[in-house]
Amino acid sequence: MTAGRYHLTLITDGRPLMHGWWASEKTARRKFAAWVGENGDRPGARVTLTDEETGAVLTEWPDPR
């Protein structure tokens, strides 16, 4: 079994805490929202959704802009 195209990462205080891979972008975006809601209050939390096929960051929280 291969990992999905959409990779979700939760980093806290600069260290990876959780990773997940999904084949469906819709599912990955739903998980992204859930991870932000469940972990957004952790010190230094950053959640990133990346398209592993293109290397593009699709969204991240908090928004760096």
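Hi everyone, and thanks for coming. Please keep in mind that what you see is a predicted model.

Let's begin with charge. Side chains of opposite charge can pair when their charged atoms come close. How many salt bridges does the count come to here? The count is four, and I'll walk you through some of them.

Find Arg5 on your screen. Arg5 makes a salt bridge with Asp51, and their closest N and O atoms are 2.7 Å apart. Where do these two residues sit? Asp51 belongs to strand 3, residues 46-51, while Arg5 is in the segment before strand 1, residues 6-12, so this pair ties together parts of the chain that are 46 residues apart in sequence. Now look at their surroundings. Is Asp51 buried or exposed? Its relative accessibility is 5%, and because anything under 20% counts as buried, Asp51 is buried. Arg5, on the other hand, is partly exposed, with a relative accessible area of 30%.

Arg5 has another partner. It also forms a salt bridge with Glu53, where the closest N and O atoms are 3.5 Å apart. This pair again links distant parts of the chain: Glu53 is in the loop between strand 3 and strand 4 (57-61), 48 residues from Arg5. Glu53 counts as exposed, at 60% relative accessibility.

Next, please move over to Glu60. Its salt-bridge partner is Arg46, with the closest N and O atoms 3.4 Å apart. Glu60 is in strand 4 and Arg46 is in strand 3, so here the pair ties together parts that are 14 residues apart in sequence. Both ends are partly exposed: Glu60 has 26% relative accessibility, and Arg46 has 30%.

Which residues do shared partners join into one network? They are Arg5, Asp51 and Glu53.

How do strand 1 and strand 2 run? They are antiparallel, and seven bridges join strand 1 to strand 2, residues 15-22. To see the pairing for yourself, find His7, which stands opposite Trp21 in strand 2. Then follow the chain to the hairpin of these strands, which has two residues between them. There, Asp13 takes a positive phi near 50°.

While you have the strands in view, here is a handy thing to remember. In a regular strand the side chains alternate between the two faces of the sheet.

Note on methods
Residues are numbered from 1 along each chain as its sequence is written. This is a predicted model: local features need pLDDT of at least 70, side-chain atom pairs count only at pLDDT 80 or more; totals for chains, interfaces and linings use all residues. Side-chain values use heavy atoms; hydrogens and water are left out. A salt bridge is a side-chain nitrogen of Lys or Arg within 4 Å of a carboxyl oxygen of Asp or Glu. Helices (H or I, at least four residues) and strands (E, at least two) are DSSP runs, numbered from the N terminus. Buried means under 20% relative accessible area, exposed over 50%, partly exposed in between (1.4 Å probe, protein chains only). Two strands pair if DSSP finds at least two bridges between them.
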